[in-house]
Amino acid sequence: MSVDISVVILSYDRVHLLERTLCGCATQGGDWGGFEIIVVDNHPDELARSLVEGLAVETGVAMTYLADPRRNISIVRNKGIAAAQGRYVAFIDDDEEPQQNWLAELTACLDRTGADAAFGPKLPEFEGGRAPDWDPHGWRYTLDFQMPADEEIHMFGRLRKRGKGLGSGNAAFRVATCLSGPEPFSVAFGNANGEDTQLLFRLAMAGKRFVWCPGAVVHEFIEQSRARPDYMVTRMKRGSQHYAVCRIDTSANKPLTTAKVALLGLAQMTVHAGLYVASGEFLDRQRRYDHRIGMAKGLGKLTWTAPIGFIEEKAA
């Protein structure tokens with residue numbers, strides 16, 4: 001069977017969620033084309049091996065298990081890409097579950113538009129069944145641009161309204177134009193330092209086209225440990241650091257971009273600090289976190305040379 005699209009999944013210690021991801025991927029069949037699943041286990045104890053090998057036999061779906069103990073996201077991403085046989089490579093995180101026709105939608109979108117990469121919505125599914133009180137609609141865990149199908153996503157520009165928050169959690173790339181070469185994801189950015197952000201910036205600078213694919217939906221399972229506001233504050237600071245270091249790295253004028261990033265970070269810190277006091281958010285330490293998160297974003301841009309790295313999460 002020829003392979004149109006290869007699904008690459010990275011796993012560390014979330015085997016308790018990985019099974020949900022794999023089962024969702026395994027039911028993506030249809031008459032639109034062939035696919036394969038490649039799992040790259042980054043845990044030194046190879047926690048996911050028995051699960052992947054067992055499901056491969058049970059489902060009859062082509063699944064490849066690979067392992068690499070080096071704690072670097074880029075290394076394991078590149079290992080999965082090197083093993084992929086498809087024209088396209090789709091990435092999905094091990095805490096996400098693809099919905100029906102996910103792969104068919106991504107494949108059709110890339111075929112139809114000729115774009116270099118396609119991205120779909122990520123919708124949260126909270127442990128316990130409800131969003132946390134401090135984010136009652138779960139929108140800080142939601143990525144949905146609500147754009148028409150096939151509309152182009154712009155990463156740069158003064159009037160840019162889209163592209164913010166993009167990553168590889170629900171994305172498909174054309175291998176020939178995006179993932180060729182021995183190191184598609186830069187190993188220098190693999191220590192939880194925004195390897196996918198750096199790739200997207202690099203591709204955008206090279207003129208690659210990104211499009212929105214609203215029918216390719218995944219649900220991200222949010223465990224209670226990640227529904228805490230202190231986790232989100234740390235995550236937003238780290239994401240802002242990723243933005244800064246990747247924007248500077250891919251810029252043709254690094255000193256100017258460094259200055260712009262610093263000014264933006266300072267402005268965010270100043271504005272949100274003032275609003276934190278003026279709005280009385282400092283008196284409401286349980287429910288409102290908008291300006292604390294805003295200050296964290298600003299601080300991230302000002303401290304981009306000292307990245308947070310991996311955020312500790314609940315182990316399986």
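**Charged pairs and cysteines**

Guide: Let us begin with a pair inside the protein: Arg292 and Glu281 are both buried. This is a predicted model, and the side chains of Arg292 and Glu281 meet in a salt bridge, with 3.3 Å from N to O. The pair links distant parts of the chain, since Arg292 belongs to helix α9 (residues 290-302) while Glu281 sits in the loop between α8 (254-278) and α9, 11 residues apart.

Visitor: What is the general idea behind such a pairing, and how many salt bridges does the structure hold?

Guide: In general, side chains of opposite charge can pair when their charged atoms come close. In this structure there are 20 salt bridges. One of them joins the side chains of Glu97 and Arg20, at 3.4 Å from N to O. Glu97 itself is partly exposed, with a relative accessible area of 24%.

Visitor: Which residue forms a salt bridge with Asp150, and how far apart are the closest N and O atoms?

Guide: The partner of Asp150 is Arg112, and the closest N and O atoms of the two are 2.7 Å apart. Arg112 lies in helix α4 (residues 102-113), and Asp150 in the loop between β7 (122-126) and β8 (152-153), so the pair ties together parts that are 38 residues apart in sequence. Asp150 counts as partly exposed, its relative accessibility being 26%.

Visitor: Which residues are linked in a network of salt bridges?

Guide: The network is made up of Arg14, Asp94, Asp95, Glu220 and Arg226, which are linked by salt bridges.

Visitor: Turning to the cysteines, how many disulfides does the count come to?

Guide: The general idea is that a disulfide is a covalent bond between the sulfur atoms of two cysteines. For a pair to be counted, the sulfur atoms must lie within 2.5 Å, and by this rule the structure has zero disulfides.

Technical notes: Residues numbered from 1 in each chain as written. Predicted model: local features only at pLDDT ≥ 70, side-chain atom pairs only at ≥ 80, totals over all residues. Heavy atoms only, no water. Salt bridge = Lys/Arg side-chain N within 4 Å of Asp/Glu carboxyl O. Buried < 20%, exposed > 50% of the residue type's maximum accessible area, 1.4 Å probe, protein only. Helix = DSSP H or I, 4+ residues; strand = E, 2+ residues; numbered from the N terminus.
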